[in-house]
Amino acid sequence: MPELPEVEVVRRGLADHVLDRKITEVTVAHPRAVRRHVEGAADFAARLIGRTISGARRRGKYLWLELDAADEGEDAVLAHLGMSGQMLIAEAGRADETHLRVRMRFADAGPELRFVDQRTFGGLSVHPLIQAHGGGLVPAPVAHIARDPMDPAFDLDEAVAGLRRRRTGLKRALLDQTVVSGIGNIYADEALWRARLHGSRPTEGLTRGQGRAVLGAAAAVMAEALTAGGTSFDALYVNVNGASGYFDRALAVYGQADRPCPRCGTPIRRDPFMNRSSYTCPRCQPRPRNPHP
DNA sequence: AATGAGGCCTGGTTGC
DNA sequence: TGCAACCAGGCCTCAT
């Protein structure tokens, strides 16, 4: 499940393999993969052919490749990996993946870029770069996405204030990409556990200290995941596929139902949450008396 | 305006 | 054994 650390690993891989390369051929194998490019697959391809990739950027879970320049109004290829999306660098001639959705070939005839996505929640599209609401030059659909904790311009106190302005449960607020971006279900649960807070705690009752604790924990756990994920892929495998090495060893609560809490030994509990699951330690993270539903 | 629920997807797993 | 139900979950759309 690509969240911020996984997407950052992909971004770094793309920066290593596709920068300064000129696109000469684009194939869209599945129209759904470019559904957010409203002008259609043919237009998507036409806008890329002849362009040179000049930057690999990321905000939260969104990733984009700048084309030719990084000025306002210039285009970028926006990628969202969704649940199962992968960006792969593949030697030309290697067999197609079962769920290959988009292929890009380059003028240098070197390795091609493939977007592979089993569940097609993700996709690619081309957009002009605009000023984001919170600052920075981003593709238009990313304008409403908040800065993430790894952004040098991330403002922790502003993010805490954003959390406390919400009228909802803390975990819902953490997953809301307009308050702070990059956090998904896995790192939300890990951050809440580290901060010893329950996700159904109402945001309006959150102290500034608690807000800093949970966002600080989110930044820390994602930084650790990035370190782990950044070491476990070979040169041509851009996607680390969920930081597989990290998942096994370092997750304290996510997916650990009935296993002992690493801090106190109490069995971790799994509860339904928004058509998915939340994992908590019932002792370290007691449910508040006034839980947000 | 802000919040929350539903829907989109497919392969692996679980249960009858 | 075979098949159906369930599960993973980010994000967009729509309703309240």
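Predicted model: local features only at pLDDT ≥ 70, side-chain atom pairs only at ≥ 80, totals over all residues.
User: Where does glycine 216 lie?

Analyst: Glycine 216 sits in helix α6. Residues are numbered from 1 along each chain as its sequence is written, chains are lettered from A and ligands numbered from 1 in the order in which they are written, and side-chain values use heavy atoms, leaving out hydrogens and water.

User: Why does glycine 216 count as partly exposed?

Analyst: Look at relative accessible area: under 20% is buried, over 50% is exposed, and partly exposed is in between (1.4 Å probe, protein chains only). Glycine 216 has 32% relative accessibility, so it counts as partly exposed.

User: At what angle do α3 and α6 pack?

Analyst: Each axis is a line fitted to C-alpha atoms, for helices over the stretch in contact, and angles between N-to-C directions run from 0 to 180 degrees. Helix α6 covers residues 208-229, and it packs with α3 at about 115°, the axes being 9 Å apart. For wording, under 35 degrees is roughly parallel, over 145 roughly antiparallel, 65 to 115 roughly perpendicular, and the rest oblique. So α3 and α6 are roughly perpendicular to each other. On the α3 side, the contact (heavy atoms within 4.5 Å) involves residues including Leu156, Val160 and Leu163, while α6 brings in Arg208, Gly211 and Leu215, among others.

User: Where does UniProt place the "active site"?

Analyst: UniProt positions follow the numbering used here, with shortened feature names, and annotations may be inferred rather than shown by experiment. The unreviewed entry puts "active site" at Pro2, Glu3, Lys61 and Arg276. The lining of the largest pocket takes in Pro2, Glu3, Lys61 and Arg276. A pocket is an open set of points on a 1 Å grid over the protein atoms alone, with protein on both sides within 12 Å along at least five of seven lines; lining residues have an atom within 4 Å of a point.

User: Is glutamate 3 buried or exposed?

Analyst: Glutamate 3 is buried, at a relative accessible area of 4%. You'll find it in the segment before α1 (4-17). Setting aside neighbours within four places in sequence, glutamate 3 is in contact with residues including Lys61, Asn185 and Tyr187. Arginine 276, by contrast, is partly exposed at 43% relative accessibility and lies in strand β11 (residues 276-280). With the neighbours within four places left aside, arginine 276 is in contact with Asn185 and Asp271.

User: And which residues have the feature "binding site"?

Analyst: UniProt's unreviewed entry lists His99, Arg119 and Arg166. These are spread over 68 residues of sequence and also in space, up to 39.1 Å between C-alpha atoms. Arg166 from this set is in the lining of the second largest pocket.

User: Where do histidine 99 and arginine 166 lie?

Analyst: Histidine 99 is in the loop between β5 (85-90) and β6 (100-106), and arginine 166 is in the loop between α3 (156-165) and α4 (170-175). Histidine 99 counts as partly exposed at 29% relative accessibility, and arginine 166 is partly exposed with a relative accessible area of 28%. Not counting residues up to four places away in sequence, histidine 99 touches Phe115, Val116, Asp117 and Gln118, while arginine 166 touches Ala173, Asp176, Val179, Thr203 and Glu204.

How values were computed
1 Å grid on protein atoms, 1.4 Å probe; cavity = no way out; pocket = protein on both sides within 12 Å on 5 of 7 lines; lining within 4 Å. Helix = DSSP H or I, 4+ residues; strand = E, 2+ residues; numbered from the N terminus.
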